Amino acid sequence: MTMQNQPPGNGVPTLTYVERPEIAETYADFLETVVFDGASVRMEFVVHRFDRPSEGVPSGRKVTAARLVLPMSGAANLASQLDALLAALREQDATDDIMLIQSHGEAH
C-alpha cells in the first residue's frame with residue numbers, strides 16, 4: 001500500500017514509503033527476458049529446477065518465478081540502484097560480501 005499526500009499548491013504528490021512485511025520475497029536464479037514495449041519494461045525471472053542426477057549431461061528446467069513490469073522511471077531507478085551497488089562492491093573488492101542499499105527517495 002502506498003500512501004499519497006497531496007501538498008497544497010504545486011500539484012506534485014509527495015509519496016511516503018510504507019513497509020509491508022507480509023509481502024513474501026521471491027527468489028530468482030536468472031533474469032530470462034527483458035522487453036521494452038514503448039512505455040514499460042517487462043522482466044521475467046526464473047529459477048532453475050534440476051532433474052534427478054543420472055548418467056550423462058545434467059538436465060532440468062527454467063521455471064518462471066516472477067514477472068515484473070516497471071514504467072521507464074522505475075526501470076531507470078532500478079538501473080541507478082544496481083549501478084550504485086556494483087560500484088560499491090567493485091570499490092570494496094568484496095563480491096562475496098552482502099550489501100543492502102535502500103532508497104526511498106525520488107529517482108535522480
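This is a predicted model: local features need pLDDT of at least 70, side-chain atom pairs count only at pLDDT 80 or more; totals for chains, interfaces and linings use all residues.
Residues are numbered from 1 along each chain as its sequence is written, and side-chain values use heavy atoms, with hydrogens and water left out.

Strand β3 covers residues 30-36 and pairs with β4 in the antiparallel sense over six bridges. Strands are DSSP runs of E with at least two residues, helices are DSSP runs of H or I with at least four residues, and both are numbered from the N terminus. Two strands are taken to pair if DSSP finds at least two bridges between them.

The structure contains five salt bridges, a salt bridge being a side-chain nitrogen of Lys or Arg within 4 Å of a carboxyl oxygen of Asp or Glu. Among them is the pair Arg20 and Glu22, with an N to O distance of 2.8 Å. Accessibility is classed by relative accessible area as buried (under 20%), exposed (over 50%) or partly exposed (in between), with a 1.4 Å probe and protein chains only. On this scale Arg20 is partly exposed at 35%, and Glu22 is exposed at 55%.

Another salt bridge joins Arg42 to Asp37, with 3.2 Å between the closest N and O atoms. Arg42 is partly exposed at 39% relative accessibility, and Asp37 is likewise classed as partly exposed, at 41%.

A further salt bridge links Glu44 and Arg67, where the closest N and O atoms are 3.8 Å apart. Because Glu44 belongs to strand β4 (residues 40-50) and Arg67 to strand β5 (residues 60-71), this pair ties together parts that are 23 residues apart in sequence. Glu44 is buried, its relative accessible area being 18%, whereas Arg67 is exposed with a value of 64%.

With neighbours within four places in sequence left aside, Ser40 contacts Val35, Val69, Leu70 and Pro71.

Ala75 is part of helix α1, which spans residues 72-92. The relative accessible area of Ala75 is 15%, and the residue is therefore classed as buried. Under the same exclusion of neighbours within four places in sequence, Ala75 is in contact with Val41 and Leu70. Between Ala75 and Arg42 the C-alpha to C-alpha distance is 9.4 Å, at a sequence separation of 33 residues.

How values were computed:
Contact means heavy atoms within 4.5 Å.
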